[in-house]
Amino acid sequence: LGAVFLEMLPHALEEGDAKHVMLVMLAAILAFFLLEKLVLWRHSHGHEELDDATDESEHDHAMHAHGHGHDQGRSGLMILIGNSVHNFCDGIVIAASYLADPALGLAATLAIVSHAVPQQVGDFAVLVHSGYTRRRAFALNVATGCATLAGALGAYFALADMQQALPTVLAIAAASLLYVAVADLIPSLHRRPEAIETAKQSLLIAAGIGVIVAVHALLAH
């Protein structure tokens, strides 16, 4: 949220037409919503097929009911495809941000890393549950992470001579981080409604925004 409202969006509005930037952000948020719906639909469809197959065997059904069965790699495959695309887009965000301003680039990198690290840990668990060995799951996680580098390098060379495209790319980048915050991170925080947890969460959110402010102030001088 700090990276979006304190860095990316102000830069996009400075460099481009305000109406265009806001329309791009709106369209991008709706596109991310539909994309996630597609991934969730494919994921649930795979589980329905799996349930039909496991019903044919009492042993397999019991294993599935107790959460010990593998899903024949369906979840893992969706994770790998989704993560590769997501990480590639993250790379584009980082490159576009650095091209616009070093302070913006660092802020975007911090924001992306802060949600990518716990996400990768969760994805590792899904891959293991899908039947991958720990070694293979780790190797595949690293491989999907390389998509970030590919996206960053591709965007850097593509956008270096296309400064007029930066406001649009920054608007999409801001929409990406905003969608992650409001669709994924905030709902997960609401699962712990206790007063002490709410206080901790509020302090950590403030600390995260403070990091963005501090980075901006440091690099500005």
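Me: Does α1 pass α5 in a left-handed or a right-handed crossing?

Reply: Quick caveat: this is a predicted model, so local features need pLDDT of at least 70 and side-chain atom pairs count only at pLDDT 80 or more, while totals for chains, interfaces and linings use all residues. Residues are numbered from 1 along each chain as its sequence is written, and side-chain values use heavy atoms, with hydrogens and water left out. Helices are DSSP runs (H or I, at least four residues), numbered from the N terminus, and a crossing is left-handed if the near helix is turned anticlockwise from the far one by less than a right angle, right-handed if clockwise. By that rule, the crossing in which α1 passes α5 is left-handed.

Me: And at what angle do the axes of α1 and α5 cross?

Reply: Axes are lines fitted to C-alpha atoms, for helices over the stretch in contact, and angles run from 0 to 180 degrees between N-to-C directions. The axes of α1 and α5 come within 10 Å, and they cross at roughly 140°.

Me: What does that make α1 relative to α5?

Reply: Angles under 35 degrees count as roughly parallel, over 145 as roughly antiparallel, 65 to 115 as roughly perpendicular, and the rest as oblique. With a crossing of roughly 140°, α1 is therefore oblique to α5.

Me: Which residues of α5 does α1 meet?

Reply: Contact means heavy atoms within 4.5 Å. From α1 come A3, E7, M8 and H11, and they meet A103, L104, A107, A108 and A111.

Me: How are α5 and α7 oriented to each other?

Reply: The axes of α5 (residues 102–129) and α7 (residues 166–189) come within 12 Å and cross at roughly 30°. So the two helices, α5 and α7, are roughly parallel.

Me: Which residues of α7 do L104, A111, I112 and H115 meet?

Reply: These four sit in α5, and the α5–α7 crossing is left-handed. Their partners in α7 are L170, L177, V180 and L185.

Me: Which helices each supply at least two residues of the lining of the second largest pocket?

Reply: Its lining splits into 15 nonpolar, six polar and no charged residues. The helices that each give at least two of the lining residues are α1, α5, α7 and α8.

Note on methods
Nonpolar A, V, L, I, M, F, W, Y, C, P; charged D, E, K, R; others polar.
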